[in-house]
Amino acid sequence: MNAAEYDVIVIGAGTVGENVADRAAQSGMRTVVVEAELVGGECSYWACMPSKTLLRSGALLRAAGRVGGSREAITGELDVSAVLKRRDWMTSDWTDDGGVEWLTSAGIDLVRGHAVLTAPREVTVTAADGTVTTLTATHAIAVCTGSVAMLPDLPGLRESRPWTSHDATSVKHVPTSLAVLGGGVVGVELATAFAGFGTRVDLIARTTLLSKEEPFAGELVGESLEGLGATLHLHTGVRRVERTASDTVRIELDNGDTLEADELLVAVGRVPRTGDLGLELVGLESGGWLETDDTMRVIGADGSPIEWLYAAGDVAHRVLLTHQGKYEGRIAGDAMAARAKGRTLSTEPWTTYVATADHSAVPQVTFSDPEVASVGLTAAAAEKAGHRIRVVDYDMSGLSGASIAADHYVGQARMIVDEDRQVVLGATFVGADVGEILHSATIAVVGEVPLSRLWHAVPSFPTLSEVWLRLLETYGRPTE
């Protein structure tokens with residue numbers, strides 16, 4: 001058995017774990033990460049990067065078709081094999097040499113294998129070849145093991161060999177038909193990608209599409225999906241699933257209809273990767289989410305933070321988004337390093353060691369066609385939180401920049417204003433390329449910039465950012 005001592009042990013070398021380790025190492029702490037699969041994790045190989053790569057080529061081709069001059073120059077269909085080849089390049093053919101090289105350059109050690117908590121500040125790692133290594137942390141352990149796709153308890157589902165996002169984003173051959181179970185971000189994005197490939201897509205959702213967004217977002221995306229040839233089965237559940245003798249998947253809906261497809265993609269949620277992690281050591285449930293305080297320390301069974309145990313990313317179940325997990329990772333790494341140096345940390349909102357943005361300032365882009373970009377609170381969420389609000393809407397097709405972007409631009413913007421404080425609580429944009437203007441809204445929300453000051457933030461003409469001026473004009477000019 002091998003043994004080693006470090007200041008910080010990070011379990012999971014995905015993008016979140018890399019950020020924890022990087023911040024700890026930059027503070028002079030001896031740091032090691034433990035990874036059972038690929039350095040870079042879910043985002044690099046099976047989620048953000050491959051999925052957006054699969055979407056990009058089709059989106060560009062459709063965008064060109066919406067602009068006179070380029071529309072007439074299009075002479076062929078989407079080259080799906082070239083899209084898949086580009087996806088393979090983007091994932092480095094599912095090898096992590098680049099990730100390992102980065103760890104080395106950052107002065108972070110790597111131990112490969114499955115990690116289990118075996119004592120306070122101790123991790124036992126079993127490698128694929130059976131080698132066992134015991135790692136001891138003088139200060140902290142961070143759990144950054146992420147999440148995996150949830151398979152609901154539906155009759156016949158597991159036996160039907162359904163796809164998860166792993167299968168869809170690493171596909172080698174595009175199916176003729178695909179059923180998608182789930183109308184959230186993953187379901188919508190992958191339905192868009194495969195419909196763009198020419199696959200016949202049926203999307204099944206218990207509610208509306210993108211139900212956590214403003215209602216118009218799901219409506220516009222749904223219209224677009226139908227325009228791509230997809231069939232939507234909204235407010236619909238599934239009774240049972242079976243893999244047929246001809247190797248197709250038969251899906252019985254709760255309205256009595258039956259669908260058949262080559263493959264079924266299940267995208268209805270995530271569950272934490274905390275089984276076999278040894279959480280029982282600290283009195284927590286194996287396989288459960290890890291609750292944290294805002295400095296990312298894990299909350300123990302007694303309701304108080306465990307001094308030496310941190311968690312960040314999906315596993316902390318705060319916000320299941322890569323960029324927000326990286327933010328939490330930076331907070332965790334900085335906080336553990338500061339505590340190791342004996343500092344008493346302020347836990348006031350928006351201070352250095354507190355992940356305040358997780359609560360009401362989360363940005364997200366859904367790379368559907370059109371894109372959906374949002375930050376902060378929706379109108380429904382703001383009202384539920386007790387704010388006195390005004391909802392300001394603007395049809396983005398009226399922007400000069402939109403007219404340049406596409407001959408018949410379709411888009412909608414909404415701003416949620418706190419009437420008492422005169423600040424923006426949230427914003428949602430739907431339309432082509434709106435993801436690129438979201439950060440301005442994020443700054444307005446995080447900075448709590450007064451509307452009176454936003455009038456002086458002059459948007460460049462003719463860009464989509466002019467939507468800010470139009471939203472403010474719709475709201476009304478300041479009188480003082």
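**Tour: an open sheet and a ring cluster**

Five strands make up an open sheet, paired antiparallel in the order 18-19-22-21-20. The model is predicted. Select strand 18 (363-366) and strand 20 (389-395) next: these are the edge strands, and each pairs on one side only. Averaged over the sheet, neighbouring strands are turned by 10° against each other, direction ignored.

A search of the whole structure gives four aromatic pairs. Select Trp163 and Phe194: their ring centres are 5.9 Å apart and the planes stand at 50°, which is between the limits of 30 and 60 degrees, so this pair is tilted. The pair links distant parts of the chain, 31 residues apart. Trp163 sits in the loop between strand 7 (147-149) and helix 6 (165-169), while Phe194 belongs to helix 7 (residues 185-197).

Phe194 and Phe197 form an edge-to-face pair, with 5.5 Å from centre to centre and 75° between the planes. They are three residues apart in helix 7, so about one helical turn separates them. With all three residues displayed, the ring pairs link Trp163, Phe194 and Phe197 into a cluster. Trp163 and Phe194 are buried, and Phe197 is buried too.

Methods. Residues are numbered from 1 along each chain as its sequence is written. This is a predicted model: local features need pLDDT of at least 70, side-chain atom pairs count only at pLDDT 80 or more; totals for chains, interfaces and linings use all residues. Side-chain values use heavy atoms; hydrogens and water are left out. Rings of Phe, Tyr and Trp (its six-membered ring) pair if their centres lie within 6.5 Å; planes under 30 degrees apart count as stacked, over 60 as edge-to-face and the rest as tilted. Helices (H or I, at least four residues) and strands (E, at least two) are DSSP runs, numbered from the N terminus. Buried means under 20% relative accessible area, exposed over 50%, partly exposed in between (1.4 Å probe, protein chains only). Two strands pair if DSSP finds at least two bridges between them. Axes are lines fitted to C-alpha atoms, for helices over the stretch in contact, and angles run from 0 to 180 degrees between N-to-C directions.
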